[in-house]
Amino acid sequence: MPLKATGSPTSNRILSDIQPIISFFEEYHALQLDYMNTDTMIRRIYMIFEKFHISSVDQFFSYMKNDHHFSEQVIRLLYPSETELFRDPTFWALISKKINHLINKNKTTDIAFLDITSGEELYSLIIAMQEHNLLKNISVAAYSPASAIKKFIMSGLITSTRLDHHNENYKLSGGKSSISNYFEPVGKQWIFNNEMLYNIKYDQKYPVEFNTLDKYDILFFRNRLMHYNYNTAKEIILKLA
């Protein structure tokens, strides 16, 4: 599959064929990049080559095999994950307003995050549940496409160095205190209170790989479908229906 990328002729030549890269990630990291929208995948890989000044596919493979920290960074960058805590405050305000109708206090409510690529949305839900004293009433499964992403989410780390904007979202969504109460500063970054993640189950799985999603009472799958190719997206929609 010819890779059409803008930029220098060298970069275009390096990425002239995407298939070896797809095969590499499937063999070494169990990643199914052929599920992805081709344009999205090409842009992400091209961005990674530019960011790390990779001059050849062979050089890229060598780094991936021999530098674990590099490979984890690359895998996280493969999947779009730019987001915020309480992104779209009106959505979270509605969740807060309807929360007593969504969560059954007489039994455990099963919630799943599909194709989660960062922790912000998961942490937002946990905070909302905590503030309504409903954390003990839920069980949450977080499914991510890669073990490196799962590890990053489990760490509680968010990429922001400041919490101002996150706190603004939190307040607009109906937050009752300050977002900083749920995070601890570590250097220039922030880590979510891991004690609140005790009932989260993590797994590496793509939405298309589920036989059924009927066991879950609530599904979170926001702004992810656009990153899949047409056939995979169609299959996911049928599973969600």
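I take a polar contact as a pair of N or O atoms within 3.5 Å; within protein, one must be able to donate a hydrogen and the other to accept it, and residues adjacent in sequence count only if both atoms are side-chain atoms. The model is predicted: local features need pLDDT of at least 70 and side-chain atom pairs pLDDT 80 or more, while totals for chains, interfaces and linings use all residues. Residues are numbered from 1 along each chain as its sequence is written, and side-chain values use heavy atoms, with hydrogens and water left out.

**Entry 1: helix H5**

I use helices (H or I, at least four residues) and strands (E, at least two) as DSSP runs, numbered from the N terminus. Which residues of H5 are buried? I found Phe70, Ser71, Glu72, Val74, Ile75 and Leu78; buried means under 20% relative accessible area, exposed over 50%, and partly exposed in between (1.4 Å probe, protein chains only). The buried residues of H5 pack against helix H2 (19–29), helix H3 (38–51), helix H4 (57–66) and H8, with contact meaning heavy atoms within 4.5 Å.

**Entry 2: salt bridges**

I noted six salt bridges in the structure, each a side-chain nitrogen of Lys or Arg within 4 Å of a carboxyl oxygen of Asp or Glu. One of them joins lysine 151 to glutamate 72, with 3.4 Å between the closest N and O atoms. Lysine 151 is in helix H8 (residues 147–155) and glutamate 72 in helix H5 (residues 68–78), so the pair links distant parts of the chain, 79 residues apart. Lysine 151 counts as partly exposed because its relative accessibility is 47%, whereas glutamate 72, at 14%, counts as buried.

Arginine 87 and glutamate 121 meet through their side chains in a salt bridge at 3.6 Å, N to O. Arginine 87 sits in the loop between H5 and helix H6 (89–102) and glutamate 121 in helix H7, so this pair ties together parts 34 residues apart in sequence. Glutamate 121 is buried, at a relative accessible area of 14%. I also found Arg87, Asp88, Glu121 and Arg222 linked in a network of salt bridges.

I then checked aspartate 217 and lysine 107, whose side chains form a salt bridge at 3.9 Å, N to O. Aspartate 217 is partly exposed at 45%, and lysine 107 is also partly exposed at 45%.

**Entry 3: glutamate 120**

Glutamate 120 lies in helix H7 (residues 120–131). The side chain of glutamate 120 does make a polar contact with that of serine 118, at 2.9 Å. Leaving aside neighbours within four places in sequence, I list Thr83, Glu84, Leu85, Ile158 and Thr159 as contacts of glutamate 120.

**Entry 4: the sheet**

Four strands form an open sheet in the order S6-S2-S1-S7, with parallel pairing; two strands pair if DSSP finds at least two bridges between them. S6 and S7 stand at the edges with a single partner strand each, so one side of each has no neighbour in the sheet. I noted three bridges joining S1 to S7. Alanine 112 stands opposite leucine 219 in S7.
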